[in-house]
Amino acid sequence: MTWPAAFRSKLYSGGVVHQALLLECLMPANGEGVGDGGWFAATDPSLSPWAELLQKQGFEPRLGSTGINPQTWQPIEGGWSVTIKVADGLVEGEQYRRAGLEYAARALRKGALLRLSIGKVGYSRSEYQALKIGRIAQVSSDGHPNLLKLEVWDLTTGIRTRLAATGASADERSQLFYGSAGQLDTLSADYTVGDGSISITGATTDRFLRETGGNGAVRITPDVGDDFWLTFTGETTGTLTGLSSTGAFGTTAGDATTGRAVGSTVLLEGHPIDILRKILTSTGAGTNGSFDTLPASWGLGIPSDMLSDYGWSQAKRILSLTAGSYDWRILLETEIPDPAAWIVSIWGSAGIWLTTKEGQLVPRMARELHTVGLARQFGDLTDSDLIEVPSISWHPADVPEVYHTVKVIHSAGFSSHISNVTTLPAREVIEYNITDQTLGVSNADDIANETRDRLKGWGHFVPEYVEATVYGLRSYATGDVIQLSTAGVRGRLTLTRYGYENRLVMVVREEMDLSENATRLTLATLPINVSEDSTQ
């Protein structure tokens, strides 16, 4: 859940905040991961933790930074670290009594889910609010055998495999869509175009899968012509039922005799934000929130309370069309060994990425800054929020060149936007390819136009960066769009040359500093148009 308003106000305050921290080991929603959901550490001994979470000098938690690279929309991998002190001998916990180091070794396994929360001494565990979530990358002891330093990947980059750690075929079970995408078989009876079912030689219910209440997809090799897809709505042993009467996704069906090849296909349909949320939370059991609708092998089993309902709903509202549905269609015939990289490649090509805000996963997307209006995020900044005078970079190094044309390629063609540019070097075209996301989608051009309009300014222009340090612990997500007002910078643009006044900016990097009770931000703004960045 998002931070309560009163709690957020306290953390955003510039005054001294008495911080108490809570570190919890969590289990994936599918129950298959490593670690132990009962283990926790805290700075407040009254919570009876398994270990002491240290905050003293030299052992302060380091929350790390996260970021996004404009133009490529590649997230900058983040991480954080904490140090705990494990007591010798037996310790008491909520359910167990065992040796502290033994339980720590059982719980703090590489890849285990961790959540770091903040509160104050005297809070119950339920009153703490999440700061960070991630997976353990490394546990080490240096200088004292009972002091353990935990290095943690942010969860956005920690999902390199599915969270499952059990099963006889772990090499397959660790892959997204294992045992389903691209499985081959043959027809055990003839198929004639228009038939309502097909018979397949082997079992179907464990390989030819579909979303609960949705359609599945099957590829068939006909006697004559190209392969085609059919959709289906039911499956029994050796049979798929409820077949579409004609070829699906722009293909043409043809008769196929016994022995012709049949292939299982993963079909993902719907709004891209919903598809991503289903992949993150699905367990196959339907018990992990309302988006747990995909088969077990199609989901990562991340607990649904690690996702912000508000953040996901807001993203879906932003990604919309003036008319028609904003729906993708993805067909997969290959298992995915690295879910994190695959998510970056598919959603990143549309300028969409995963990040964290207030200790939960949220989606963010590139936006056309100067049309955002009131659809921005909470947390506008003025000079009263700034600890020191900001610094400004007229031409940040991580955007080395610009492009005359921004082109979005989709399944039925492309959409592009051409502009003069105001800096050099300039290339002709930057391409974003959403072909695999729009296969057979009737309004693919409308979706491509929306994508183009969000991305075009970031392709045509070099942004202006403001580096600012603000009072308090402020959980901005990379991609948040807010307003900045400050007289302390002199930009290159016509309307920033003598300061920023209600200027819309996007957060491209953020880092909370617990020891300094401060947050460091890199904020980017774009020219409103070519003339604002002109010297004429």
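Predicted model: local features only at pLDDT ≥ 70, side-chain atom pairs only at ≥ 80, totals over all residues.

Reader: How are the rings of W3 and F7 arranged, stacked or edge-to-face?

Author: Planes over 60 degrees apart count as edge-to-face. The planes of W3 and F7 stand at 70 degrees, with the ring centres 5.8 Å apart, so this pair is edge-to-face. W342 and W347 also form an edge-to-face pair, with 5.6 Å from centre to centre and 80 degrees between the planes. Both of these residues, W342 and W347, are buried.

Reader: Which residues form one aromatic cluster?

Author: The cluster consists of F177, W298, W328, W342 and W347. Across the whole structure, the search finds twelve aromatic pairs.

Reader: Where does a charged end sit over a ring?

Author: The charged end of R219 sits over the ring of W229, at 4.5 Å from its centre. In another case, R125 lies over the face of F40, 3.9 Å from the ring centre.

Reader: How should I read the salt bridges?

Author: Side chains of opposite charge can pair when their charged atoms come close. The structure holds 35 salt bridges. One of them joins D36 and R106, whose closest N and O atoms are 2.9 Å apart. This pair links distant parts of the chain, since D36 lies in the loop between β1 and β2 and R106 in helix α2, 70 residues apart.

Reader: Is D36 buried or exposed?

Author: Buried means under 20% relative accessible area. D36 has 9% relative accessibility and therefore counts as buried.

Reader: Which elements hold D274 and K316?

Author: D274 and K316 form a salt bridge, with the closest N and O atoms 2.6 Å apart. D274 is in helix α5 and K316 in helix α6, so the pair ties together parts that are 42 residues apart in sequence. D274 is buried, with a relative accessible area of 14%, whereas K316 is partly exposed at 36%.

Reader: Which residues do salt bridges with shared partners join into one network?

Author: That network contains E24, R115, R125 and D305. D305 also has a backbone contact: its backbone oxygen lies 3.0 Å from a polar atom of the Q360 side chain. Q360 is placed in strand β21 and is buried, with a relative accessible area of 3%.

Key: Residues numbered from 1 in each chain as written. Heavy atoms only, no water. Helix = DSSP H or I, 4+ residues; strand = E, 2+ residues; numbered from the N terminus. Buried < 20%, exposed > 50% of the residue type's maximum accessible area, 1.4 Å probe, protein only. Polar contact = N/O pair within 3.5 Å; in protein donor to acceptor, adjacent residues only side chain to side chain. Phe/Tyr/Trp six-rings, centres within 6.5 Å; stacked < 30°, edge-to-face > 60°. Lys NZ or Arg CZ within 6 Å of the ring centre and 35° of its normal. Salt bridge = Lys/Arg side-chain N within 4 Å of Asp/Glu carboxyl O.
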